[in-house]
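I opened this notebook to record what I looked up in one structure. The entries below follow the order of my reading.

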Amino acid sequence: MQRQLIHGAILLFGLSLILTSCWNEPDFDETPKIEYFGLSPFRRLPARPVVGGGERDSIIISVKFTDGDGDLGENTPRNKADSAVVAERYKDGWGNYEIKTFRFVNGRFEAFDLPENRFLLFPRLTREGQRGAIEGTLDLRQVFFYTRNAQILPVKFQIRIRDRALRVSNTIETDTIRVPILAR
């Protein structure tokens with residue numbers, strides 16, 4: 001009986017050693033890399049009960065990412081000192097997520113400024129001090145309101161991200177989708 005327990009323990013140890021030696025950490029570049037994953041529309045949702053409400057279209061833009069050292073994301077500033085650190089890090093005017101909107105007008109796509117997209121941050125994706133390769137999906141929700149001056153126009157987005165070391169990813173472009181946009 002004791003001999004069987006010893007053989008079982010050796011067999012279990014051997015199997016666990018084999019299984020753990022098969023896993024290798026991914027070897028991603030330390031500069032983040034992104035790829036377009038998709039657009040998910042949520043059409044004509046009722047607006048929240050706010051002054052000037054109305055209907056709106058929402059979309060979720062999904063982007064897959066890889067990063068070799070896991071330094072993606074930013075802690076939400078809790079006070080003025082934290083806000084100053086974040087502002088100093090991203091002093092060139094965009095956070096760690098940049099989205100440019102293009103609307104189709106007069107037969108071509110033209111850049112269109114959405115104030116809510118001027119400085120975007122996504123949360124830290126690893127714990128403080130943790131390093132190592134990470135991969136996953138980032139989702140960003142965009143909301144477009146129906147108003148008297150809105151036109152339903154095709155739009156597309158260009159996106160890039162950057163890590164806390166300010167290494168900038170490649171730029172990707174989404175599919176085109178029709179949403180309400182304020183007329184000029």
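**Entry 1: salt bridges**

I began with E110 and R103, whose side chains meet in a salt bridge at 3.2 Å, N to O. I take a salt bridge to be a side-chain nitrogen of Lys or Arg within 4 Å of a carboxyl oxygen of Asp or Glu. E110 is buried at a relative accessible area of 12%, and R103 is buried at 7%. For these labels, buried means under 20% relative accessible area, exposed over 50%, and partly exposed in between, with a 1.4 Å probe and protein chains only.

I note here that this is a predicted model, in which local features need pLDDT of at least 70, side-chain atom pairs count only at pLDDT 80 or more, and totals for chains, interfaces and linings use all residues. Residues are numbered from 1 along each chain as its sequence is written, and side-chain values use heavy atoms, with hydrogens and water left out.

I then looked up K156 and E173, whose side chains form a salt bridge at 3.0 Å, N to O. This pair links distant parts of the chain, with K156 in strand β6 and E173 in strand β7 (residues 172–173), 17 residues apart. K156 is buried at 16% relative accessibility, whereas E173 is partly exposed at 38%. Salt bridges with shared partners also join E30, D69, D71, R131, D163 and R167 into one network.

The structure holds 13 salt bridges. One of them joins the side chains of E98 and R160 at 2.3 Å, N to O. E98 lies in strand β3 (residues 97–105) and R160 in strand β6 (residues 150–161), so this pair ties together parts 62 residues apart in sequence. E98 is buried at 14%, while R160 is partly exposed at 25%.

**Entry 2: elements and strand pairing**

I counted two helices and eight strands in the protein; these are DSSP runs numbered from the N terminus, helices being H or I of at least four residues and strands E of at least two. Their order from the N terminus is α-β-β-α-β-β-β-β-β-β.

I asked how many residues of strand β2 (residues 55–67) are buried. Ten of its 13 residues are, so β2 is largely enclosed by the rest of the structure. Twelve bridges join β2 to strand β5 (residues 134–145), and the two run antiparallel; strands pair if DSSP finds at least two bridges between them. D67 has I134 as its bridge partner in β5. Buried residues make up 35% of the 184 residues in the protein.

**Entry 3: rings**

My search of the whole structure gave four aromatic pairs. Rings of Phe, Tyr and Trp (its six-membered ring) pair if their centres lie within 6.5 Å, and planes under 30 degrees apart count as stacked, over 60 as edge-to-face and the rest as tilted. Among them, Y90 and F119 are edge-to-face, 6.3 Å centre to centre with 70° between the planes. Y90 is buried at 2%, but F119 is partly exposed at 39%. The rings of Y97 and F122 have centres 6.3 Å apart and planes at 85°, so this pair is edge-to-face. Y97 is buried at 4%, and F122 is buried at 7%.

I also found the charged end of K156 over the ring of F109, 4.3 Å from its centre. The charged end of R162 sits over the ring of W94, 3.9 Å from its centre. The criterion is NZ of Lys or CZ of Arg within 6 Å of the ring centre and within 35 degrees of the ring normal.
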